[in-house]
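I opened this model to look up its sheet, its charged pairs and a surface patch. My entries follow in the order I made them.

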Amino acid sequence: MDLFEAIKGRRSIRKFKKDIVDDEVLKKVIEAGVWAPSAGNLQSWEVVVVKNPETKEKLAAAAYLREFLAEAPLILVLCANQHVCASTYNNRGSELYCIQDAACAGQNILLAAHALGLGACWVGAFDEDLVAHHLHLAPGLRPVALIPLGYPDENPLPPPRDDMEEFIHFEG
Ligand SMILES: Cc1cc2nc3c(=O)[nH]c(=O)nc-3n(C[C@H](O)[C@H](O)[C@H](O)COP(=O)(O)O)c2cc1C
């Protein structure tokens, strides 16, 4: 798939078929994240793969009852590794760069999923403490996104984008 086609054609998918995602396909999706840029190439992010139905339900509850999370065959929980990034970049590392690293990886993951015929959605609205608790996250691992992943069972129209002229500025 052409890159620009993938960028424009990717949609947030919130309805999934029951079909499972093969582990080899999942690896390809995550590998796309691995090749994202990261501050100092520290790759200060980690991902937890959740397939267990009970854990998926707990994550859906932590995301204020977004049931589509539990209905996806799996959820990727993207985490920023604050400790790794702080070791080189101090506060800027723990407060900013590791979040940006996770976001860069996440976008690659969304695009790779789309290119492989999968659907996904970046879910940012959730109770971080609850997610950390359910997944037994080590201190310093901050969950930044829940990404349900599966084969799409909907084909949403693209939500409109603002005109580029409204947010592009030259020289200041
Ligand atoms: C930082 C961030 C947080 C988001 N949080 C949620 C969320 O909590 N729930 C949800 O259903 N979608 C969430 N989305 C998906 C957006 O609603 C979606 O990307 C946007 O409406 C544009 O649609 P598109 O992805 O199909 O282009 C989030 C996206 C981003 C980037």
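**Notebook: patch, sheet, charges**

I started with F170, which I found in the segment after β4 (141-150). The model is a predicted one. F170 has 66% relative accessibility, over the 50% cut-off, so I put it down as exposed. I then looked at what F170 belongs to: a nonpolar surface patch made up of M164, F167, I168 and F170. Together they have about 460 Å² of accessible area.

Next I traced the sheet. It is open and has four strands, in the order β1-β2-β4-β3, with antiparallel pairing. Because β1 (45-50) and β3 (119-120) each have a single partner strand, they stand at the edges, and one side of each lacks a neighbour in the sheet. I followed β2 (residues 74-81) against β4 and noted eight bridges in the antiparallel sense. Within β4, P143 is the residue that stands opposite C79.

Then I turned to charges.

- D23 is partly exposed at 44% relative accessibility, and K51 is partly exposed at 40%.
- K27 and E24 form a salt bridge with their closest N and O atoms 3.6 Å apart. Both lie in helix α2, three residues apart, which is about one turn of the helix. K27 has a relative accessible area of 54%, so I listed K27 as exposed.
- E128 and R142 form a salt bridge with closest N and O atoms 3.0 Å apart. Distant parts of the chain are linked here too: E128 is in helix α6 (residues 128-134) and R142 in strand β4, 14 residues apart. I have E128 as partly exposed at 30% relative accessibility, and R142 as partly exposed at 31% relative accessible area.

Last, I checked R11, in the loop between α1 (3-9) and α2 (23-34). Which side chain of opposite charge is nearest to R11? That is E154, 9.3 Å away. A salt bridge needs nitrogen and oxygen within 4 Å, and R11 has none, although R11 is buried. I also listed the contacts of R11, leaving aside neighbours within four places in sequence: A120, P156, L157, P158, P159 and R161.

Technical notes: Residues are numbered from 1 along each chain as its sequence is written. This is a predicted model: local features need pLDDT of at least 70, side-chain atom pairs count only at pLDDT 80 or more; totals for chains, interfaces and linings use all residues. Side-chain values use heavy atoms; hydrogens and water are left out. Helices (H or I, at least four residues) and strands (E, at least two) are DSSP runs, numbered from the N terminus. Buried means under 20% relative accessible area, exposed over 50%, partly exposed in between (1.4 Å probe, protein chains only). Lys and Arg count as positive and Asp and Glu as negative; His and the chain ends are not counted. Contact means heavy atoms within 4.5 Å. Patches are made of residues with over 30% relative accessible area and no salt bridge: like charges are joined within 9 Å, nonpolar side chains (Val, Leu, Ile, Met, Phe, Trp, Tyr) within 5 Å. Accessible areas come from the Shrake-Rupley method with a 1.4 Å probe; for residues, only the protein chains shown count as cover. Two strands pair if DSSP finds at least two bridges between them.
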